[in-house]
Amino acid sequence: MKLYIKNMVCDRCVMAVKSELEKLGLYAISITLGEVELETECTETQKRDLLKSLRSLGFDLIDDKKNITIERIKTVLIDLVYNKNNVLNSNLSDYLANDLAQDYSALSNLFSEIEGITIERYFIAQKIERVKELLTYDELTLSEIAIQLQYSNVAHLSNQFKKTTGFTPTYFKQLKVKTRKQIDDL
């Protein structure tokens with residue numbers, strides 16, 4: 001049985017979901033971002049208890065096809081920004097179409113219709129939040145961040161950062177209170 005779970009964005013989310021499943025006596029064959037495959041079918045009671053448990057942690061079960069597709073798009077993009085820094089060898093539309101085995105224009109139209117933002121804007125928002133995170137850690141130079149997130153150069157990163165946040169990366173780095181957003185709020 002496959003379950004689709006909204007707001008899973010990192011390995012800690014996978015661990016949290018696994019823990020909740022085990023508490024309910026449900027065991028997964030596999031757990032990836034946004035998707036769980038269970039060994040057996042779960043009862044309505046187990047599903048209701050799982051939903052309650054997941055919601056307490058900020059997750060949710062997704063049942064309809066459109067929302068499953070939207071969540072899969074978001075999961076791929078978040079994974080691309082946070083875990084697969086240099087995997088994008090083609091353009092984003094080809095990458096998504098290949099990864100999700102669907103036509104990009106259909107994905108793009110659905111995403112825009114449901115989310116009210118384009119896939120590209122969402123991807124840029126994810127990248128800018130990652131830049132904020134890396135600037136806050138103060139371990140990498142702006143050039144290294146640009147390379148890691150596959151910007152063509154520092155100027156491109158800086159322009160996109162300023163357009164999105166209203167600040168230059170340097171000014172953001174100097175702020176005492178750095179405003180970041182949670183991934184699932186983007």
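Contact, as I use the word, means heavy atoms within 4.5 Å. This is a predicted model: local features need pLDDT of at least 70, side-chain atom pairs count only at pLDDT 80 or more, and totals for chains, interfaces and linings use all residues. Residues are numbered from 1 along each chain as its sequence is written, and side-chain values use heavy atoms, with hydrogens and water left out.

Let's start with the sheet. Helices (H or I, at least four residues) and strands (E, at least two) are DSSP runs, numbered from the N terminus. Two strands pair if DSSP finds at least two bridges between them. Here, 4 strands make an open sheet, order 2-3-1-4, with antiparallel pairing. Strand 2 (28-32) and strand 4 are the edges, each pairing on one side only.

Now strand 1, residues 2-6. Toward strand 3 (residues 35-38) there are 3 bridges, and K2 stands opposite E37. Toward strand 4 (residues 60-62) there are also 3 bridges. There, I5 faces L61 across the pair.

Next, the helices. Angles run from 0 to 180 degrees between N-to-C directions, with axes fitted to C-alpha atoms, for helices over the stretch in contact. Helix 1 (residues 11-23) lies across strands 1, 2 and 3, at about 150 degrees to strand 2. Helix 2 (residues 44-56) packs on the sheet, touching strand 1 and strand 4. Its direction makes about 125 degrees with that of strand 4.

Last, L96. Which residues does L96 touch, beyond those up to four places away in sequence? They are I73, V76, L77, A101, Y104, L107 and I119.
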